[in-house]
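Q: Could we go through this model together? I would like to start with a single residue and then move to the interfaces.

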Amino acid sequence: MNIDAIQNGIVIDHITAGRGMRIYELLGLDALDVSVAIIKNAVSHRDGGKKDIIKIDSDIAINFDVLGFVDPGVTVNIIRNGQLVEKRRIDMPERLVNVIRCKNPRCITSVERSIDHVFKLTDRKNMVYRCLYCETKVAQ
Amino acid sequence: MKRSVIDILDLSTEEIESLIATAQDIIARPAEYAHACAGKKLATLFFEPSTRTRLSFEAAMYELGGNVLSVTDAATSSASKGESVADTARTVSCYADIIAMRHPKEGAALVAANAASIPVINAGDGGHCHPTQTMADLLTIRREKGAFSGLTIGLCGDLKFGRTVHSLINAMARYPDNKFVLISPEELKLPSYVKKDVLQEKGIPYEQTTSLEAALPQLDVLYMTRVQRERFFNEEDYLRLKDSYILDAAKLKAAKGDLCVMHPLPRVNEIATDVDADPRACYFKQVLNGKYMRMALILKLLKEAAQ
Ligand SMILES: [Zn+2]
C-alpha cells in the first residue's frame with residue numbers, strides 16, 4: 001500500500017497524538033481485511049504540533065461516533081479515484097451504542113444478555129460520557 | 001402513556017409537589033382512596049430480599065384497594081434459569097399493571113423499564129438509586145419542617161457509599177437557600193464528584209466535619225446513616241470511629257428543639273433507643289411517609305399509563 005496515494009478510501013487526519021491506536025481498535029480495523037496505515041507523531045502543518053493519521057485503503061463504512069467519542073477534533077477525508085471528494089468534521093455523539101462496554105462490575109450490563117451497551121454524553125464541555133444504566137463515567 | 005421512575009431526578013419539582021399534595025390528601029381522607037386502584041395489580045419483583053421496602057409497596061397497593069403479585073425469590077425463580085431481566089419484565093407485564101422492582105445490579109430497573117409494557121418503579125438497584133426512599137425523606141422534611149428551603153441539613157455517617165444520602169442531596173439541591181453539613185469519618189467522606197457536580201456546580205454552601213457534636217447545634221434536619229464495619233480497611237479504625245456517630249439522648253441535648261432526626265432504617269446502633277421517645281425522632285414517621293408517597297406514585301403512574 002502506498003500510504004501517500006490512496007485511490008479509494010478514508011484518511012482520518014488531525015488525530016490527537018497518541019489516540020490513533022485507540023481509534024484503530026474501536027473502529028475494529030484490526031478485524032478487517034483491508035490495508036490500514038497508522039502514522040504516529042506526524043508533524044501537523046496546522047500548528048507544527050504532533051498528530052496521528054489513519055489511512056484506510058478501502059471505501060468502508062466507519063462508525064463516526066467512535067471518532068466523535070475518542071477525539072472530536074479529527075477530520076475525515078473521503079477519497080474516490082484518487083480525489084478528495086469529502087472532508088468531514090466530527091461532532092461528539094449524544095449516545096454511543098455498542099462501541100465500548102461498562103467496566104463497573106456491579107452494572108447490569110455485566111450480566112444481562114442481548115442488551116445494548118449505551119453511553120450518553122452528560123457534559124459536553126468536559127467530554128464526559130456515562131453508562132446509561134449505572135451512570136459510571138467512562139474514559140475515552 | 002407508560003412512564004417509569006428510576007431516579008428521583010426523573011420527577012420534576014412540580015411533580016414532587018403534586019405527589020406530596022396527593023400523599024397529604026391520602027393522609028387526610030384515606031377512605032377516598034380505598035378503592036382508587038380496584039382491579040389493578042402491582043407486581044413486587046424482588047431479585048434480592050428487602051422485606052421492609054416490599055412490605056411498604058404492598059401495603060400501599062392494598063390501601064389503594066388494589067391487588068399484589070409478590071415475587072420474593074425472583075433471583076432463584078428466573079435468573080437461575082438464565083432468564084434476562086428484560087424477559088422477566090416482559091413476562092410480568094402480561095400479568096400486572098405496574099411493577100416495583102428491586103435488583104442487586106445497578107441499572108437493572110432501567111433495563112426492566114425499557115422492556116416492560118407497564119410502568120416500573122425502581123425499588124432499589126444496587127448502590128445506584130432508590131427513589132421512593134428519597135420520596136419518603138422529602139415528605140418527612142415537608143411535614144416536619146414545612147418547607148424545602150432555608151434548612152441546614154446534616155448528613156451523618158457513611159457519606160461515601162450511602163446512596164440515600166447522594167439521592168437526598170440531589171433532590172434537595174433543587175431548592176433554594178439550603179446548606180449541607182457533611183459529618184463523616186475521613187474514610188467515608190462524600191465522594192468528590194457529588195461535591196463538585198452537585199454542590200459546587202449549583203453554588204450550594206456546605207461544610208465538612210468529623211464531629212457530630214460540633215455540627216448538631218446548627219442543624220434543622222439530621223439524616224443519620226449506618227457506618228458499616230465492612231467499609232473499613234482495619235478493625236481499629238472502625239472501633240475508634242463507630243461510637244462517634246451514635247446519636248443518643250445526651251448528645252441530642254445540644255440540638256435545636258425542632259430538629260428533625262431521620263434515618264433510612266434499618267438502624268443498628270447509630271441511633272440509641274433512648275432517642276426514640278424524643279419528639280424530634282422522625283425515623284418511624286419516615287417509614288409511614290414512605291407508604292403514603294408510594295401510594296401517591298402508584299396512583300400517578302397508573303393514571304398516566306391509562307391516558
Ligand atoms: Zn454501567
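Q: Is B:E15 buried or exposed, and why?
A: B:E15 counts as buried because its relative accessibility is 18%. Buried means under 20% relative accessible area, exposed means over 50%, and partly exposed lies in between, with a 1.4 Å probe and protein chains only.

Q: Before we continue, what are the ground rules for these values?
A: This is a predicted model, in which local features need pLDDT of at least 70 and side-chain atom pairs count only at pLDDT 80 or more, while totals for chains, interfaces and linings use all residues. Residues are numbered from 1 along each chain as its sequence is written, chains are lettered from A and ligands numbered from 1 in the order in which they are written, and side-chain values use heavy atoms, with hydrogens and water left out.

Q: Which helix holds B:E15?
A: B:E15 is found in helix α1 of chain B. Helices (H or I, at least four residues) and strands (E, at least two) are DSSP runs, numbered from the N terminus.

Q: And what does B:E15 touch?
A: Leaving aside residues up to four places away in sequence, B:E15 touches B:R3, B:D10, B:K300 and B:E304. Contact here means heavy atoms within 4.5 Å.

Q: Switching to domains: how is chain B divided?
A: Chain B has domain 1 (8-130 + 290-306) and domain 2 (131-286). The bounds come from an automatic or database domain assignment. The C-alpha centres of domain 1 and domain 2 of chain B lie 26 Å apart. Domain 1 of chain B brings 29 residues to the contact, and domain 2 of chain B brings 20 residues.

Q: What area do domain 1 and domain 2 of chain B bury between them?
A: They bury about 2200 Å², with 63% of it on carbon and sulfur atoms. Buried area is the accessible area (1.4 Å probe) that two parts lose on being put together, summed over both. On the side of domain 1 of chain B, B:I8, B:H130 and B:M293 supply 30% of the area buried against domain 2 of chain B, more than any other three residues.

Q: How many salt bridges cross that interface, domain 1 to domain 2 of chain B?
A: The rule finds one salt bridge across the interface of domain 1 and domain 2 of chain B. A salt bridge is a side-chain nitrogen of Lys or Arg within 4 Å of a carboxyl oxygen of Asp or Glu. Separately, eight residue pairs are in polar contact across this interface of chain B, both residues at pLDDT 80 or more. A polar contact is a pair of N or O atoms within 3.5 Å; within protein, one must be able to donate a hydrogen and the other to accept it, and residues adjacent in sequence count only if both atoms are side-chain atoms.

Q: Which element gives the most to the domain 1 side there?
A: α1(B) gives the most to the side of domain 1 of chain B that touches domain 2 of chain B, with eight residues.

Q: Now chain A: where are its domains?
A: Chain A is divided into domain 1 (9-89) and domain 2 (95-131). Their centres, taken over C-alpha atoms, are 24 Å apart. The contact involves nine residues from domain 1 of chain A and six residues from domain 2 of chain A.

Q: What do those two domains of chain A bury?
A: Domain 1 and domain 2 of chain A bury about 590 Å² between them, 76% of it on carbon and sulfur atoms. A:L26, A:D65 and A:F69 supply 65% of the area that domain 1 of chain A buries against domain 2 of chain A, more than any other three residues.

Q: Last topic: how many residues are in contact between chain B and chain A?
A: Chain B places 16 residues in contact with 15 residues of chain A. The area buried between the two chains is about 1200 Å², of which carbon and sulfur atoms give 47%. B:K105, B:E106 and B:V111 supply 46% of the area that chain B buries against chain A, more than any other three residues.

Q: How many salt bridges are counted between chain B and chain A?
A: The count is two salt bridges between chain B and chain A. The side chains of B:D197 and A:R130 meet in a salt bridge at 3.4 Å, N to O.
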